[in-house]
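Let's take a walk through a protein together. Keep the picture open while you read, and look up each part as it comes by.

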Amino acid sequence: MRLFCSAGQPSVRILHTFVVAHDVDQVRIKEIALRIPHSLGDGVRRFGTDSGPVVETQRPDARLAHRDPSHWTISAGTEAVATGAHSPGWGAALSPDRRRGLLVAVRNFWEEAPKALTMGGREARVSLWHGDNDERLSFRRYSPVLQREEYEGIYSDGLGVAKTTEIHLSFWSGEDGGDSVAAAADALLKPLHVRVPPAWYDRCEVAGGGLAPADAASHPREEQMMAELLAWMERHV
């Protein structure tokens, strides 16, 4: 796990990497989670949504869960508080007087479902993989039978596989936060990106030259093929 902190900033960026190093034939995983203790107590809990205002509840056991990439549920105990399609993946815990708070934001939350975020009274729990009921995560090979006509990658197990998840923590005190909590979460989950025109790369030859920028006027057929390929990758990859 790698932690990134900046002087004067009340936030921490976490890169958590899970590596499969166990006996994949014997071990089944119920949950991969990161527990973050806090002392905020049983105050207000807030969660971001993709369908309108922030969801707020007084229940200290509130949880946001993405069972699959197209459906999320915010629940308190056994009661469903709200549902939707694509959650932005953040939750906040406030102290009873609403003067202190902790924001937890997980990038690619719905894209990497199943995930869950529980904002408890004494800890925040980020479930990087969470199975419901008796579901378990297995990295064993699909069949113990060696099929020599297949390539090794087809029948090999998941030993050595690694997955990194990016998590952001942000702390505040002295104010409720209100809409600024949602704005802070949005800034953490959607960092600034700088895009340089391809023609600049071509002129500078930073990649050795030969990177021609898009030119639909000179190469309409080729540019149409590239546009369709990129559109397909955006929808499926």
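We'll start with a sheet, move on to a loop, and then look at charged pairs and a surface patch. One thing to keep in mind: this is a predicted model.

Let's begin with the sheet. Seven strands make up an open sheet with antiparallel pairing, in the order S1-S2-S13-S10-S9-S4-S5. At its edges sit strand S1 (2-5) and S5, each of which pairs on one side only. On average, neighbouring strands here are turned by 15 degrees against each other, direction ignored. In general, the strands of a sheet are held in pairs by backbone hydrogen bonds. Now zoom in on one end: strand S4 (residues 45-47) and S5 run antiparallel and are joined by three bridges. If you look across this pair, Arg46 stands opposite Glu56 in S5.

Step off S5 and you reach a loop. Gln58 lies there, between strand S5 (55-57) and strand S6 (62-68). Is Gln58 buried or exposed? Its relative accessibility is 52%, so Gln58 counts as exposed. Gly43 is 15 residues away along the chain, yet the two C-alpha atoms are separated by 6.2 Å.

S3 runs antiparallel to strand S12 (residues 123-130), with seven bridges joining them. With a relative accessible area of 54%, Arg35 is exposed, and it stands opposite Arg125 in S12.

Which side chain meets that of Arg35 in a salt bridge? It's Glu123, at 3.0 Å from N to O. The two are 88 residues apart, with Arg35 in strand S3 and Glu123 in strand S12. Side chains of opposite charge can pair when their charged atoms come close.

The structure holds 12 salt bridges. Another one joins the side chains of Arg67 and Glu135, at 2.3 Å from N to O. Arg67 lies in strand S6 and Glu135 in the loop between S12 and helix H1 (152-155), so this pair ties together parts that are 68 residues apart in sequence.

Met226, Leu229, Leu230, Trp232 and Met233 make a nonpolar patch of about 480 Å². Met226 is found in helix H4 (residues 220-236), and it is partly exposed, at 42% relative accessible area.

Technical notes:
Residues are numbered from 1 along each chain as its sequence is written. This is a predicted model: local features need pLDDT of at least 70, side-chain atom pairs count only at pLDDT 80 or more; totals for chains, interfaces and linings use all residues. Side-chain values use heavy atoms; hydrogens and water are left out. Helices (H or I, at least four residues) and strands (E, at least two) are DSSP runs, numbered from the N terminus. Buried means under 20% relative accessible area, exposed over 50%, partly exposed in between (1.4 Å probe, protein chains only). Two strands pair if DSSP finds at least two bridges between them. Axes are lines fitted to C-alpha atoms, for helices over the stretch in contact, and angles run from 0 to 180 degrees between N-to-C directions. Patches are made of residues with over 30% relative accessible area and no salt bridge: like charges are joined within 9 Å, nonpolar side chains (Val, Leu, Ile, Met, Phe, Trp, Tyr) within 5 Å. Accessible areas come from the Shrake-Rupley method with a 1.4 Å probe; for residues, only the protein chains shown count as cover. A salt bridge is a side-chain nitrogen of Lys or Arg within 4 Å of a carboxyl oxygen of Asp or Glu.
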